[in-house]
Amino acid sequence: MFADLRELPDGHVANCDLCIIGGGAAGISMVREFIGTTTKVCLIESAREYEDATQQLYAGAAQPARKRARSIKEGVHYGVPAIHSRLRHFGGSTNHWGGYCVPLDPEDLEKHDWIPDSGWPIGWRELSKIYPRAQAVCEIGPYVYDDSLWQRTKTEPYAFDPQNLVNRFYQFSPPTRFGDRYGKALKAAPNVTVLFNANVTNIGLASNTASVDHIKVSSLGGKTGRVAARHYVLASGGIENARLLLASNDIAQRGIGNERDLVGRYFMDHLYDSVGSLLVSENPKRLIAQYAEIVPDQAGHPLAEAGPDADSVMFQAALSPSAAAKKRNRAGAVALFIRGDWSRVDEGVRAVYEAVEREDNPAAENYGSYLLDILRNLDTAGPAVKNLVQGKSPPHLPVLFAIAEQVPNRGSRIALADQKDALGMPRARIDWQLSELDRRTFAQMPDLLAGEFGRQGIGRVHKAPWLDEDALYLYRGDFSRILEPGRHHSGTTRMARDPAQGVVDADCQIFGVSNLSVAGSSVFPTIGSANPTLTIIALALRLADHLKGRLTR
Amino acid sequence: MNKRRKFLSYLTSIALLPFLPARASAALRLSGADNTSLIRILQNLVPDNPATRALGTTALRQYKSNFVSETIPVRLFGSLTETPLPTAHQLRAHLQSLCHADFDAGDTVALDGWVLARSEAEVLALVALHRKI
Ligand SMILES: Cc1cc2nc3c(=O)[nH]c(=O)nc-3n(C[C@H](O)[C@H](O)[C@H](O)COP(=O)(O)OP(=O)(O)OC[C@H]3O[C@@H](n4cnc5c(N)ncnc54)[C@H](O)[C@@H]3O)c2cc1C
């Protein structure tokens, strides 16, 4: 059923078995698992629909003014304001997510001696057992992310050296808007109450601090209430999970689970930027066919069996450094997308492409596969070549767009500011800090690509000027200023075997608090290059399985 | 690692120079006052346009000019002989195989942001040196 705090008597106390704070991807995925069980679930959610006043609760503490220009000389302060990087209403940030789904790689969960604080307390095998269920929640295809996806695309995959580059496949959710898609089922479930217009303002610990006694909720209009449950799950997003734990400091003075000053630390996000552009020397159709979106609508394709409700499922291939290359480069994970408006190539380049494509063209084989050949034929594209040589990519050059891992960094953190929101809660302050290792993660890509693309005769890579060694000294101290964060807030309640290293244990329960767990990317100890939501859901389903066992005992 | 490999391969190419067949009488004339063969090769290989000139000038800055005029032509084209004359197609295939070997060995050079095979960069440097082609 749906309920509205504004319509309940002030001071109302609701009782349930399981209280989940936050109705986004994680919270809704968990609640669905309890539909039809005897467990009484209460899902607490700020708002049913988007409202400006509620969204304002997500505003962070003021940040220094930003410059939008991307000039190396001026420098650019990047970072999306907290309020613009998430949504505070039913469905959470899935109301504007892009639907990119990809599992973590096995090595993303491993400990690497060159990545400080790396290593998950659970293995990839365990995660990979749950991914297929998460796929269904995201309304994507079967759990297939390997080279079999090339089947029936009628193109021969490039034989990249597996010691250097590997293909990485993405599937696309419609994208599922979790509130719209699953709201009806939640409303109809007799054992589920979704309480709207209820903002959790405090997690009330029992006086011995070993368990949660209740949570406090408030509406923006001033109604207050409490929810008491046997178990609580915090699923309010990667910034808010930390903010709520830190702000609940009435009983535990440093905040809940924060005896070791770890809550809010290790804040990570994916780093987005172009690492360069590509001058294609071979027939670009093959590249487009393989690294642009493909709809596998033919029978027999691994993704064509997506289920009766699904439209055809799309996938896209990207390129990543192999495990061996990352080790060699002592760098993190990165996924590389080839993007560009292929339909608008300018005349000169089109002439080259057409000449290469025309099979009856006796000169076609002589076009060869290197830059000099291309330049020979670009005479007609004077201004474009000039730009190209000066390092400004003209629009026809496919852009090499990277999504890179940020590695764990204790100094990167969410903290509480002095400023308060409309409900009197301290606002979050984002102190995002990157390291030299993060720069290396990006910088490994152009060289790896140039080598493999050159070897395969695909074309030549132009390195983005910002990765140039000479330019980078400008940013060394403040690398984050030039990058766009992915809005995948992670790491702030990291999972670990040992309370000295993390906030939650391998079952996502807060160390030292017997009935409080966390769901969402805040529990990720490292983030790989994978967009987080598929893994968030997999972990939420795993947590639901775990709690089912506990709550029915 | 990359730098070391590059250095070693330079050393090897220089050390092998006295033994290269290119020194034989039928070899192309690649350096010195009479460099007509080299100019002909470059004409066949590289267009004279603003792009190649700009890249060539940058390349030239990365090398000492006597290295460009003497060592590079021999390294790149020393294995070719004058008879029969290599066709444009053969020249391209030859350069292509050098580039493949460079990329395989990770032997690349960055010119104005372009990550090129060392052989490509060297050809561009030669072009800049022999502007009048
Ligand atoms: C523009 C954009 C594009 C994205 N694209 C992708 C993509 O393509 N692929 C991908 O994998 N990920 C993507 N993401 C990330 C994805 O949206 C998140 O990973 C995902 O939504 C996180 O799920 P969550 O349940 O942890 O948090 P959320 O979905 O943010 O849900 C948190 C919920 O908690 C509620 N809440 C918060 N605080 C309180 C409180 N105090 N009291 C009560 N309720 C509260 C909120 O209203 C919200 O409903 C994108 C994000 C953005 C911003």
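Buried means under 20% relative accessible area, exposed over 50%, and partly exposed in between, with a 1.4 Å probe and protein chains only. This is a predicted model, where local features need pLDDT of at least 70, side-chain atom pairs count only at pLDDT 80 or more, and totals for chains, interfaces and linings use all residues. Residues are numbered from 1 along each chain as its sequence is written, chains are lettered from A and ligands numbered from 1 in the order in which they are written, and side-chain values use heavy atoms, leaving out hydrogens and water.

**Chain A overall**
- Chain A has 13 helices and 18 strands, counted as DSSP runs (helices H or I, at least four residues; strands E, at least two) numbered from the N terminus.
- Of its 553 residues, 59% are buried.

**Nonpolar cores**
- A nonpolar core is a set of buried Ala, Val, Leu, Ile, Met, Phe, Trp, Tyr and Cys residues joined through side-chain atoms within 4.5 Å.
- The largest one has 144 residues, and Ile44(A), Ile203(A), Ile215(A) and Phe453(A) touch the most other members.
- Helix α13 of chain A (residues 533-551) gives this core its largest share, eleven residues.
- Another core, of 31 residues, lies apart from it and includes Tyr63(B) and Trp114(B).

**Two helices**
- α13(A) is mostly covered, with 14 of its 19 residues buried.
- In chain B, helix α2 (residues 36-45) has Ser37(B), Leu38(B), Ile41(B), Leu42(B) and Leu45(B) buried.
- Down the axis of α2(B), the buried residues fall within an arc of 135 degrees (taken from the directions from the helix axis to the C-beta atoms), so they line one face of the helix.
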